[in-house]
Amino acid sequence: MQTINSNELYVRILQLRRNEKDFIIRSNEKYLTKFNGNFDKAVAVVRQVDFSQSQRQTTLDLLNDYKRQFVALVAARKTLGLTADTGLRGVMLQQGNQTQATLDEINVTLQAHVAAEVSRCRCWRWPSSLLWH
């Protein structure tokens, strides 16, 4: 296999990796936009580099596969939720809040019932003569 001798192509691929890393760290879709712009630049460089047709096609195929996988990663992360209150994470947060509200209502109701029972028991006293026989 022949070594690719194109600093410009290496720079473009490193830019793609930077965009990927920034998206993973910051969960911001603007890095997909940057990735797409840098991807187009990388493809343009591949078309200009002195490659054989098979090297050019292999490189383009690999770049396209990389882009497809990165776009799939972005889509999966969007489904999961780019922030705590979006996507599935947002649904889970909302369900957790609803569950907590329900538990709080149950707690208030139980406390009221316990207080009523305690009060009822205090009012209803056995005569002490009955307790010791």
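This is a short tour of the structure above, stop by stop, with something to select at each one.

**Before you start**

You are looking at a predicted model, in which local features need pLDDT of at least 70, side-chain atom pairs count only at pLDDT 80 or more, and totals for chains, interfaces and linings use all residues. Residues are numbered from 1 along each chain as its sequence is written, and side-chain values use heavy atoms, with hydrogens and water left out.

**Stop 1: the whole chain**

Show the protein chain as a cartoon. Its secondary structure comes to five helices and zero strands, and from the N terminus on the order is α-α-α-α-α. Helices here are DSSP runs of H or I with at least four residues, strands are runs of E with at least two, and both are numbered from the N terminus.

Now colour by burial. Of the 133 residues in the protein chain, 23% are buried. Buried means under 20% relative accessible area, exposed means over 50%, and partly exposed is in between, using a 1.4 Å probe and protein chains only.

Contacts are worth a look too; a contact means heavy atoms within 4.5 Å. Among contacts between residues at least 6 apart in sequence, 54% join residues at least 24 apart.

**Stop 2: helix 1 beside helix 3**

Select residues 7-26 (helix 1) and residues 53-80 (helix 3). Their axes come within 11 Å and cross at roughly 10 degrees. Axes are lines fitted to C-alpha atoms, for helices over the stretch in contact, and angles run from 0 to 180 degrees between N-to-C directions. The two helices are therefore roughly parallel to each other. For such labels, angles under 35 degrees count as roughly parallel, over 145 as roughly antiparallel, 65 to 115 as roughly perpendicular and the rest as oblique.

Which residues of helix 1 meet helix 3? Show L9, I13, L16, R17, N19, E20, F23 and I24 on the helix 1 side, and T59, L63, Y66, F70, L73, V74 and R77 on the helix 3 side. This contact divides into ten nonpolar, two polar and three charged residues. Ala, Val, Leu, Ile, Met, Phe, Trp, Tyr, Cys and Pro count as nonpolar, Asp, Glu, Lys and Arg as charged, and the others, Gly among them, as polar.

**Stop 3**

Is N19 buried or exposed? N19 counts as buried, because its relative accessibility is 3%. Its side chain makes a polar contact with the side chain of N38, at 2.7 Å. A polar contact is a pair of N or O atoms within 3.5 Å; within protein, one must be able to donate a hydrogen and the other to accept it, and residues adjacent in sequence count only if both atoms are side-chain atoms. Not counting residues up to four places away in sequence, N19 touches Y31, K34, F35, N38 and F70.

Next, click E20, also placed in helix 1. E20 counts as buried at 15% relative accessibility. Leaving aside neighbours within four places in sequence, E20 is in contact with Y66 and F70.

**Stop 4: S27 in the loop**

Move on to S27, in the loop between helix 1 and helix 2. Its phi is near 50 degrees, a positive value in a residue other than glycine. S27 is buried, with a relative accessible area of 14%.

**Stop 5: helix 2 against helix 3**

Bring in helix 2. The axes of helix 2 and helix 3 come within 10 Å and cross at roughly 175 degrees. That makes helix 2 roughly antiparallel to helix 3. By class, their contact has 13 nonpolar, three polar and three charged residues.

**Stop 6: the aromatic rings**

Finally, show the rings of F23, F35, F39, Y66 and F70, which form one aromatic cluster. Rings of Phe, Tyr and Trp (its six-membered ring) pair if their centres lie within 6.5 Å; planes under 30 degrees apart count as stacked, over 60 as edge-to-face and the rest as tilted.

A search of the whole structure finds four aromatic pairs. One of them, F35 with Y66, is edge-to-face, at 5.4 Å centre to centre and 70 degrees between the planes. F35 lies in helix 2 (residues 30-48) and Y66 in helix 3, so the pair ties together parts that are 31 residues apart in sequence. Both F35 and Y66 are buried.

F35 also pairs with F70, in a tilted arrangement at 4.4 Å centre to centre and 35 degrees between the planes. This pair links F35 in helix 2 with F70 in helix 3, 35 residues apart.
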